[in-house]
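Student: I would like to learn how to read a structure like this one, step by step. Could you take me through it?

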Amino acid sequence: MELIWNGITQALSLLLQGNPQVLEIALLSLELSGLATLVALVFGVPFGALLAFKVFPGRGFTVTLVNTGMGVPPVVVGLFVSIVLWRSGPLGFLELLYTPGAIVLAQFIIAFPVITGLTMAALQQIDPKLLLQLKGLGASRIQLVAVLLWETRLPMLAAIIAGFGAVISEVGAVMMVGGNILGHTRVLTTATVLETRRGNFEVAIALGLILLALTFLITWLLTLFQQRSAAR
Amino acid sequence: MNEFVLELHDVAVTYDSRTVLDVPHLAVSRGEVLTLLGENGSGKTTLLRLLGLLVRPIRGRVVFCGEEVDFGSARRLLELRRRMAGVMQEALLCRMNVRQNVALGLRFRGLPKPEAQQRVDAWLERLSISHLDDRPASNLSGGEAQRTSLARAMVVDPEVLFLDEPFAALDAPTRQSLLQEFKDVLADSGVTAIFATHDRGEALGLGGRVAVLVGGGVVQVGSAEAVFSRPERADVARFVGVETLIPGRITGEAGGLVQVDCGEVQLEVEGDWEAGEEVYVAVRPEEIELHDDADHVVGPGRNVVGGRVAKTVPAETHFRVEIDGAAPVVAVVSRARYRDLALKTGQSVQASFAARAAHLIQRAGD
């Protein structure tokens, strides 16, 4: 019990002092996971829209792949990205392994199916008659998708929350492809693992608290927006 | 400027290889209000969607303002669609406020904001929904939602307006007041309007031409008056409320009237038909009068069918009386007349109608 209590008090003083190293790790986490989520949105939303509205050969299989991807173990993603980026691997020449880029790539692969799948599900809930009504009002294809995404902003925000939540809290793949190098690829989750192993519980707790706070803050902001929209 | 806004030439539409619409020809004149009248599933909505360039025909040509529509060119389709607008049975508003919903079509057309605001304001005002301006669309009554939907369509100043049963989901009083208001809006704007409904009252109330749809085909087009009093087919007749259809055969002509042999009775009807033709004598229920057996009603140009009252059904303003006899006849009588005749089931009566109040429908293939 004392161990926990001491850990928490020391963690709080660490946080209040504004330890620059901890701050840097937190910022890097936010940056990499934010970027990965953003890229996953850029590719996942149009792809989700395509799967929702277009019928093409192989669509059913693709949807199954996406759904499988939503539950794929991150450690497998880590393994896959490691092999691909390995010096002798197909993309080894990019020399991305153990860089922040590798982390973004792994996190993108984790977030992409989540966002694609949830976008597709959100858009498929739309009344097909609304689609015709909007087309009848003179919407181009892009305008149509834009209005429909706005129309489904509640489930779409849930998709963003789910995608971001999945990658910010991810540790296995990030450890494998990033290498947990201090000042370079060490993020909140990998740092927490490391400090726990070392028995530096106060630092680990401080990192864990930041991770919790960050996740909470971002989810809270998104939820706030989501629920304000829901009330309308 | 082309006389016709929309023309269909030998078009057919299929869903899952089932033909749901097959129209050899239909033309919509500029500025007219055309009502598509038909039961549910008769193809009204599909016809509206085809005219609105929202479904693609498997054959035939659609001509919009003299231009044959190229369904293969998505860009041209969009340009043409932007000259039209529609109001559906459900308002189908987006999760935005009333103003944003009304502005949607203008936003799609990239209209500068100040001009868009001005036009939206004018239509909010015109349809008495200015006070709902910033109300979320999810928070409107059925009538308010349909007003918003009409404003959203009219604000883009369409050349053609499609209305697909816009009042079907509303309660009767709201329907009545909105019908009048929609009618005024159509008249004031002079927009070409195509209005689909299964409600005969709405079709009559709107005036203009009526096209009757049965089983995916347009079976009769004409003025509301012509369609309602002179249906050309038995199915149309039944649908527009011509309840008395007496089968018979034409025997000749006498005194300017066609003589029809209907088995137990001989009837006279105005018209120009050949002897030997198999026909129905069609009469609207309000054209039929009922009399006591004792009354002497036979006279020139007047048909009389005797029978017994089989059923009487009270309605809001009248009684509907079914008579079984030499030929089955359905009449509506006023409450006063009903009382005078002391009508009851089984009572013997005479039903009479003028020769010019009836018309003939070909029976072949029916």
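**Reading chain A**

Tutor: Read along the sequence, chain A follows the pattern α-α-α-α-α-α-α-α-α-α-α, which amounts to eleven helices and zero strands, where helices (H or I, at least four residues) and strands (E, at least two) are DSSP runs numbered from the N terminus. This is a predicted model, in which local features need pLDDT of at least 70 and side-chain atom pairs count only at pLDDT 80 or more, while totals for chains, interfaces and linings use all residues. Residues are numbered from 1 along each chain as its sequence is written, and chains are lettered from A and ligands numbered from 1 in the order in which they are written.

Student: How many of the residues of chain A count as buried?

Tutor: A residue is buried if 20 or more other C-beta atoms, placed from the backbone, lie within 10 Å of its own; in chain A that holds for 38% of the 232 residues.

Student: At what angle do the axes of α5(A) and α8(A) cross?

Tutor: Axes are lines fitted to C-alpha atoms, for helices over the stretch in contact, and angles run from 0 to 180 degrees between N-to-C directions. The axes of α5 (residues 100-124) and α8 (residues 153-168) of chain A cross at roughly 165° and come within 9 Å. That makes the two helices, α5(A) and α8(A), roughly antiparallel, a term for angles over 145 degrees.

Student: Which residues of α5(A) and α8(A) meet?

Tutor: Contact requires C-beta atoms, placed from the backbone, within 7 Å; among the residues that meet are A:Ile110 and A:Val114 in α5(A), and A:Ala159 and A:Gly163 in α8(A).

How values were computed: Buried ≥ 20, exposed ≤ 12 C-beta atoms within 10 Å, placed from the backbone. Parallel < 35°, antiparallel > 145°, perpendicular 65-115°, else oblique. Contact = placed C-beta atoms within 7 Å.
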